Each structure stands twice: as C-alpha cells, then as structure tokens.
Amino acid sequence: MHNFGESAWHLLEQSRAQIAKLLNVLPSEILFTSGGTEGDNWVLKGTAIEKRTFGKHLITTAVEHPAIRNSMEQLEQLGFEITYLPVDEHGRISIDDLKAAIRPDTILVSVMAVNNEVGTIQPLREVAQVLTDYPKIHFHIDAVQGIGKGIQSMIFNGRVDFVTFSGHKFHAPRGIGFIYAKQGRKIAPLLTGGGQERNLRSGTENLPAIAAMAKALRILLDRETENVAREQQVKRLISDHIKNFTNVTIFSEDNDQFAPHILCFAIVGVRGETVVHAFEQHDIFISTTSACSSKKHLASSTLKAMDVPDNVATSAVRVSLGDQNTVEEAQRFNQVFDQLYEEFKKITA
C-alpha cells in the first residue's frame with residue numbers, strides 16, 4: 001500500500017495497457033506468464049480442468065511445438081482423448097480433417113500460427129470459420145513464432161479465444177511472455193497462491209521484464225512492415241542461391257503460406273549438427289530444426305509428419321532470421337555455403 005508498491009502496480013498496468021492497445025484488445029485480456037511454454041501449458045491444461053465436465057476431447061496438429069505436444073500427452077495419461085491432425089507435404093492441416101475430427105465432447109482446438117521448424121503458416125482464418133459453428137469449443141493459437149510477421153489479422157480473427165506469446169522472440173528478456181484470453185472465456189489457474197493476475201496466475205510479477213516486453217513489442221510493431229520486407233528479402237537471397245545445388249532440399253517455400261523469417265533446408269547426406277558446427281566456424285549461427293530439441297539429435301518431428309524420409313530429416317537445419325539481419329549477411333552466408341558445400345562433397349560422395 002506504500003508509494004513504491006503503488007508505483008510498481010501502475011507500471012505493471014501501464015505495460016498491460018500498452019500491449020493491449022498494440023494488439024487492439026482489452027487490457028483485462030492480457031495475462032502475463034514466464035513465456036511460451038507456460039502459456040501453452042496453461043491454456044491446454046487450464047481448459048481441460050475448467051471444461052472436464054463438458055468433455056474430454058481435444059484437437060491439435062501433428063506438427064506442434066513440444067510445449068503443446070507434451071502437454072497433450074500428459075492429458076492423455078489423465079484420461080483425455082487427443083486427435084492429432086495430419087499435415088500435407090508443406091506442413092499444413094486440412095480443414096476437412098478438422099471438420100471430421102470435431103465431436104460433441106470436443107472442448108479445445110489448438111493450432112500453431114507459424115511452425116517453428118519449417119515456417120508453415122496454418123490456415124487460421126479457415127479454422128476460425130469452422131469453429132464459428134461451435135462457440136463452446138475453446139480455440140487456441142500458439143503465436144510464439146507469429147508475432148510481428150505481418151499475420152496479426154489471421155491470429156486475431158474474431159473467433160480465437162486464447163493466444164500464446166513469448167517475449168524473447170521479439171527482443172524482450174528471456175523468461176517473460178503473455179497470453180491473450182478473450183473476455184468471458186474461462187480457464188482454471190495452474191499456479192495458485194497470492195492471487196496475482198486476477199487470481200488466474202499467482203506469483204510475484206517480473207515487473208522489469210514485463211515493462212521491457214511492452215516496449216519491445218511497441219518497437220517491433222512500429223517497424224513491422226519494414227522488418228517483414230527485409231526478412232523476406234534475406235530469406236529469398238539465401239533460398240534462391242542454395243536451391244541450385246544438387247543435394248539441397250528446401251522445406252520452407254517462398255510464398256505467403258510460409259513465414260518470412262524461417263528457412264529450413266537439408267544438404268542430404270550431411271547430418272544437421274555437422275552443418276551447424278561448420279557454419280559456426282565462420283561465425284554464422286543456425287540450428288538443427290527446433291532449438292528446443294536440437295541437443296537430443298532427433299530427426300524433426302515436423303518433417304516426419306510431412307513424410308520426409310529419415311535420411312533427409314536428419315540433415316535438416318534451420319536459418320532463423322530477425323529484424324536485424326541484412327542483405328550483406330545473406331551474401332556472406334551464400335559465400336560460406338559455397339565453400340562448405342565443396343567440403344561436404346567428401347561426405348556425400
């Protein structure tokens with residue numbers, strides 16, 4: 001109740017209001033979390049707990065982030081039933097499959113906005129249109145990879161109920177994030193205690209990180225059009241160059257069905273971690289598909305769902321572009337690629 005506490009509270013609510021204004025939603029619809037993993041867990045498990053008397057069936061896709069996939073598996077162990085929608089060769093779900101999967105006891109549909117491994121944009125508007133006929137089903141979008149990429153109108157489509165965001169994806173500190181929770185939709189809290197975030201997410205708020213995240217989001221969206229155009233240009237420069245090589249397979253296409261900042265490709269016959277470390281020697285840092293799974297040396301779950309053969313999937317790497325990458329860096333990447341490709345010929349021969 002003292003002045004320091006009041007000042008902290010006002011900064012917290014100013015940050016919430018700024019984020020809400022930037023996304024054209026209500027301040028009461030913004031709830032702070034520790035990041036994307038907590039947000040995904042909260043929406044899925046919170047919905048399952050809140051709506052368990054109405055049904056125990058949830059729908060998601062076969063290419064979700066582990067925060068979704070592992071949460072669904074945990075819910076299965078607790079007696080819930082999960083339908084995993086298959087994807088086509090581009091990593092996109094079929095709307096007909098979604099329609100066929102919906103049951104009277106379905107309580108949630110969770111679909112990622114942008115795939116974190118290959119960059120596929122899911123048909124969010126079409127999903128929203130289907131779910132318009134099912135107003136009692138919670139519709140959740142994992143938008144961790146989708147913020148600031150020119151697809152906000154697809155994410156906030158009028159039907160969506162919950163959206164997950166992670167601050168470090170747009171230059172906020174690590175360990176902070178938020179969810180959008182539509183007014184009137186209910187989910188059970190996972191963290192109980194002191195009653196912060198309207199009794200929905202207890203725990204002392206990470207105020208410095210929250211304030212930084214609000215500012216980072218403003219900077220990101222102020223420059224969104226310029227940033228997206230540059231990311232598309234950099235991605236295209238690299239993609240157009242490497243596609244001319246015999247043993248290269250590109251999974252991230254250059255069209256409006258793929259995000260501008262993710263380029264996934266494979267030099268077939270060379271393991272992905274080998275490629276990553278080779279580029280690292282030239283101060284170019286890329287990843288083996290999902291950063292969350294890269295240390296496990298596993299073939300991409302997304303590529304497996306796309307029916308990519310194991311020998312190709314284990315060669316896949318991911319170039320993740322940001323708003324600060326430049327054309328000059330793309331040109332440098334291509335130069336290093338040429339050099340490394342010649343060296344890798346000894347492996348692929």
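This is a predicted model: local features need pLDDT of at least 70, side-chain atom pairs count only at pLDDT 80 or more; totals for chains, interfaces and linings use all residues.
Residues are numbered from 1 along each chain as its sequence is written, and side-chain values use heavy atoms, with hydrogens and water left out.

Me: In what order do the seven strands of the open sheet with mixed pairing stand?
Reply: Strands (E, at least two residues) and helices (H or I, at least four) are DSSP runs numbered from the N terminus, and two strands pair if DSSP finds at least two bridges between them. Strand E1 (30–33) and strand E3 (81–85) each have a single partner strand, so one side of each is left without a neighbour in the sheet. The seven strands, with mixed pairing, form an open sheet in the order E1-E7-E6-E5-E4-E2-E3.

Me: Which residue of E5 stands opposite Leu 108?
Reply: Strand E4 (residues 106–112) and strand E5 (residues 138–142) run parallel and are joined by five bridges. Opposite Leu 108, the residue in E5 is His 138.

Me: At about what angle to E1 does helix H1 run?
Reply: Axes are lines fitted to C-alpha atoms, for helices over the stretch in contact (heavy atoms within 4.5 Å), and angles run from 0 to 180 degrees between N-to-C directions. Helix H1 (residues 3–23) lies across E1, strand E6 (162–166) and strand E7 (177–181). Its direction relative to E1 is about 120 degrees.

Me: Which strands are the edge strands of the open sheet of three strands?
Reply: The three strands form an antiparallel open sheet in the order E8-E9-E10. Helix H8 (residues 224–242) packs on this sheet and touches E8 and E9, making about 20 degrees with the direction of E9. The strands that pair on one side only are E8 and E10.

Me: How many of the six residues of strand E9 are buried?
Reply: Buried means under 20% relative accessible area, with exposed over 50% and partly exposed in between (1.4 Å probe, protein chains only). On one side of E9 Ile 262, Cys 264 and Ala 266 are buried, and on the other Leu 263, Phe 265 and Ile 267 are buried too. Strand E9 (residues 262–267) is therefore largely enclosed by the rest of the structure, the number of buried residues being six of the six.

Me: What is the bridge partner of Ala 266 in E10?
Reply: E9 and strand E10 (residues 316–320) run antiparallel and are joined by five bridges. For Ala 266, the bridge partner in E10 is Ala 316.

Me: How are the rings of Phe 156 and Phe 165 arranged?
Reply: Rings of Phe, Tyr and Trp (its six-membered ring) pair if their centres lie within 6.5 Å, and planes under 30 degrees apart count as stacked, over 60 as edge-to-face and the rest as tilted. A search of the whole structure finds eight aromatic pairs. The centres of Phe 156 and Phe 165 are 6.2 Å apart and their planes lie at 10 degrees, so this pair is stacked.

Me: By about how much of a helix are Phe 337 and Tyr 341 separated?
Reply: Phe 337 and Tyr 341 form a stacked pair, with 5.9 Å centre to centre and 25 degrees between the planes, and both are buried. Because they are four residues apart in helix H12 (residues 327–348), their separation is about one helical turn.

Me: What relative accessible area does Phe 279 have?
Reply: Phe 279 lies in helix H9 (residues 272–280). Leaving aside neighbours within four places in sequence, Phe 279 is in contact with Ile 284, Ile 286, Phe 333, Val 336, Phe 337 and Leu 340. Phe 279 is buried, and its relative accessible area is 0%.
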